[in-house]
Amino acid sequence: DLCCWCHCPMIFDPHGLNDSEQASVEHIVPSSEGGSNSDNNLALAHRRCNQDRNGRARPPLREMADLEI
């Protein structure tokens with residue numbers, strides 16, 4: 001699986017909790033903006049990319065359509 005922000009492969013290691021390349025769940029519409037926890041509002045992102053997002057626009061819908069959620 002690829003990160004919804006940088007499109008690079010992610011690490012899926014339950015023991016890599018401090019690794020910035022570790023996969024994390026990203027809200028497409030942020031929770032702070034009323035986004036839900038439903039499957040159609042979630043994508044995978046590197047922990048680093050998810051944390052660095054902070055207010056950036058969400059990924060374009062065209063890119064989200066290419067993701068396997």
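H46 is buried, its relative accessible area being 0%; here buried stands for under 20% relative accessible area and exposed for over 50%, with partly exposed in between (1.4 Å probe, protein chains only). In this predicted model, local features need pLDDT of at least 70 and side-chain atom pairs count only at pLDDT 80 or more, while totals for chains, interfaces and linings use all residues. Residues are numbered from 1 along each chain as its sequence is written, and side-chain values use heavy atoms, with hydrogens and water left out.

H46 belongs to strand β2 (residues 42-46), where helices (H or I, at least four residues) and strands (E, at least two) are DSSP runs numbered from the N terminus. The surroundings of H46, leaving aside residues up to four places away in sequence, comprise C3, C6, C8, P9, M10, S20, E21, Q22 and S24; contact here means heavy atoms within 4.5 Å. Two of these neighbours deserve a second look. The H46 side chain reaches the backbone oxygen of P9 at 2.8 Å, and it makes a polar contact with the side chain of E21 at 3.2 Å. A polar contact is a pair of N or O atoms within 3.5 Å; within protein, one must be able to donate a hydrogen and the other to accept it, and residues adjacent in sequence count only if both atoms are side-chain atoms.

E21 also forms a salt bridge with R48 (a side-chain nitrogen of Lys or Arg within 4 Å of a carboxyl oxygen of Asp or Glu), with the closest N and O atoms 2.8 Å apart. Because E21 lies in the segment before β1 (23-27) and R48 in helix α1 (residues 47-53), this pair ties together parts that are 27 residues apart in sequence. E21 is partly exposed, at a relative accessible area of 26%, and R48 is likewise partly exposed, at 29%. The structure holds 1 salt bridge.
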